Amino acid sequence: MSDKSLRSTLLNLDGASYKAYKEIRGNYQFPDFTLIIDYVQGDPFASPSKFRVKIPQSIANFPQQLYQSQGREIALRDYLTRQFYQVSRSISSHRGTGKSGLIAIAATEQEVLERTSVLIDTQFVEVRFVVGLPARGRRILGRQAAAMLCEDIPDIVHSALLYHSLNSQEIQQHVETAEDADWIRQQLSAKNLVAFVANKAILPRRSGIDFSPLETNPVPFQSPPALEVEFNCPNRGVIRGMGIPEGVTLIVGGGYHGKSTLLQAIELGVYNHIPGDGREFVITKPNGVKIRAEDGRSVAGVDISPFINHLPQGRSTTHFSTTNASGSTSQAANIIEALEAGAQLLLVDEDTSATNFTIRDRRMQALIAKEKEPITPFIDKVRQLYHDYQVSTILVMGGSGDYFEVADTVIAMDNYQPYDVTERAKAIALQYPTARQEEGGNSFGNITPRIPLPESIDPSTHKRDIKVKVRDLNQITFGTEDIDLAAIEQIVDQGQLIAVASAMVYGKANYFDGQTNLATVLDLIMKQIATKGLDSITDFPQGDLVLFRRFELAAAINRLRSLVIRNDLLPSLRQSQEGDYN
Ligand code: ADP
Ligand code: MG
């Protein structure tokens, strides 16, 4: 069918009851593109209708160099999503009741991420968006619908999705910036670094809810000479900045001098950022995980014995479960779960850590005997973690110099500028010995794999087979349960949560079998997405999925209050599973 027949259908529907819109489902050939109506909403207040446009490359005309590599392709898709977002926002207007008049694509933040809102290959550019089909009350506004579908949508396509109508320099910059960032991230390990912060980077944000760069007097980052490294990037050439080496790094300094701001930038350095963000070249290893205390969370069958032993009442700490973790047990579980999922770098801020998990000083050791304290503090484990598992840690620690002993690198923030104070900290540690007893034993201890019971991961309610919903950046409704993800700071886009929820449903249907451990299921799901795309985890093409990391998927599964972990494993099974981690 043609755009003309769509127009006449819509005009004919004018005044009909809203349900009659259902008949416009289907494909329509416009002069420059195909419009595909996949789903039509049932009423003007329901979630809006799902549309796609497919524009042949003969018309869209994007040069192949802009999407020839996977990294470039992701960046170009991200760019086009942003263009569509801006143009549709300026064109779409309120045209009646409820969502009438809406034309919208998934919103974006500062991160350049793989999104299903736009797909691109040598044949087509495909864009997925939603439309609020217009009505007055429950009566179809056919004329308005015709204007939206047959005029506004073509206008948006023409100004947001054709190469010749876009700013080619800006596109090139978007793609090349992401490519350079990917390149630095790939080179980190070869230089024995876990993170890189480029000189001139702008780290502070405008506010706690506005993630664009601070406008008023931001102090640009400048590496201390001793930590300065350089990368020769494919597009921008040489970029210099501070390299944070593997091992244990402390960020110290007075309150309000920029410690947490630096750590937060590093946390999000696992993702690429848009040009102008200020953190384009703040780059972190892809498997860096933010760790914090999270009292009140549930924990299912985690072996927290490296940190916590002989709890009161003989509670197990090798298969620790609780519906209400304390600050220290939640932080221990967060670390073990991150390690189980494959973290190679832990990011910890004193602001959000449990004090008794972080430190136990000489005087407290004297007053409370080791036998009376279940917690082995992080200070006695952080080196073992690096030695036994090659897991590095970056720790913001303004409050205790006891950590000087265990640090490889100490960076002081002073008036938002970093200084390398490693030598001084080491000298001070010699000058003022703390006389602490080490409490960590000979080794870090086991990271015990866990096998979830599939029936404990259940997206159904008594009415529906599958019910998943996402709220803001911090909650997934999964079946009858609300999963609280407010503490997961490396979720940056609501689409990641939608995709995580979909992956949980998909994992339940395909991978969780009561035999396979969680880390292996994460492997299988991530591998499938890498080879078959995000679309492969949903039944229908969705435009609102954004790629997540395995750690955020694990975080959601681990916070499911219904989750049950098998604890009936035979010693032999257990041993062979553990073999994977040694
Ligand atoms: P700390 O963790 O050391 O107490 P924060 O990182 O929380 O300090 O920073 C304190 C304040 O300073 C925040 O409002 C932050 O936005 C601002 N800030 C941080 N870094 C910079 C910078 N480079 N330039 C200007 N302001 C900054
Ligand atoms: Mg702070």
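**Domain contact and ligand shell in a predicted model**

In this predicted model, the chain falls into domain 1 (3-166), domain 2 (178-448) and domain 3 (454-564).

Trainee: What makes Asp-493 and Arg-115 a salt bridge?

Mentor: The closest N and O atoms of Asp-493 and Arg-115 are 3.0 Å apart. The rule asks for a side-chain nitrogen of Lys or Arg within 4 Å of a carboxyl oxygen of Asp or Glu. The pair therefore qualifies as a salt bridge. Across the interface of domain 1 and domain 3, the rule finds 2 salt bridges.

Trainee: Which classes of residue does domain 1 present where it touches domain 3?

Mentor: That side of domain 1 has 4 nonpolar, 3 polar and 6 charged residues.

Trainee: How do you know that domain 1 and domain 3 touch, and how many residues are in contact?

Mentor: The centres of domain 1 and domain 3, taken over C-alpha atoms, are separated by 27 Å. Contact, however, is judged on heavy atoms within 4.5 Å. On that criterion, 13 residues of domain 1 are in contact with 12 residues of domain 3.

Trainee: What area do domain 1 and domain 3 bury between them, and which residues of domain 1 supply 49% of its share?

Mentor: The two domains bury about 1000 Å² between them, with 52% of this area on carbon and sulfur atoms. Of the area that domain 1 buries against domain 3, Glu-114, Thr-116 and Arg-128 supply 49%, more than any other three residues.

Trainee: Why is the approach of Tyr-416 to ligand 1 called a polar contact?

Mentor: A polar side-chain atom of Tyr-416 lies 3.0 Å from an oxygen atom of ligand 1. The cut-off for a pair of N or O atoms is 3.5 Å, so the approach counts as a polar contact. Backbone N or O atoms also approach oxygen atoms of ligand 1: one of Ser-260 at 2.9 Å and one of His-257 at 3.2 Å. Taken alone, ligand 1 exposes 560 Å², and the protein buries 80% of that.

Trainee: Which residues come nearest to ligand 1, and what classes make up its shell?

Mentor: Of the 14 residues around ligand 1, Val-219, Tyr-256, Lys-259, Ser-260 and Thr-261 come nearest. By class, the shell has 6 nonpolar, 7 polar and 1 charged residues.

Methods
Residues numbered from 1 in each chain as written. Chains lettered and ligands numbered in written order. Predicted model: local features only at pLDDT ≥ 70, side-chain atom pairs only at ≥ 80, totals over all residues. Heavy atoms only, no water. Domains from an automatic or database assignment. Buried area = accessible area lost by both parts, 1.4 Å probe. Nonpolar A, V, L, I, M, F, W, Y, C, P; charged D, E, K, R; others polar. Near = heavy atom within 4 Å. Polar contact = N/O pair within 3.5 Å; in protein donor to acceptor, adjacent residues only side chain to side chain. Areas by Shrake-Rupley, 256 points an atom, 1.4 Å probe, with all protein chains shown as cover.
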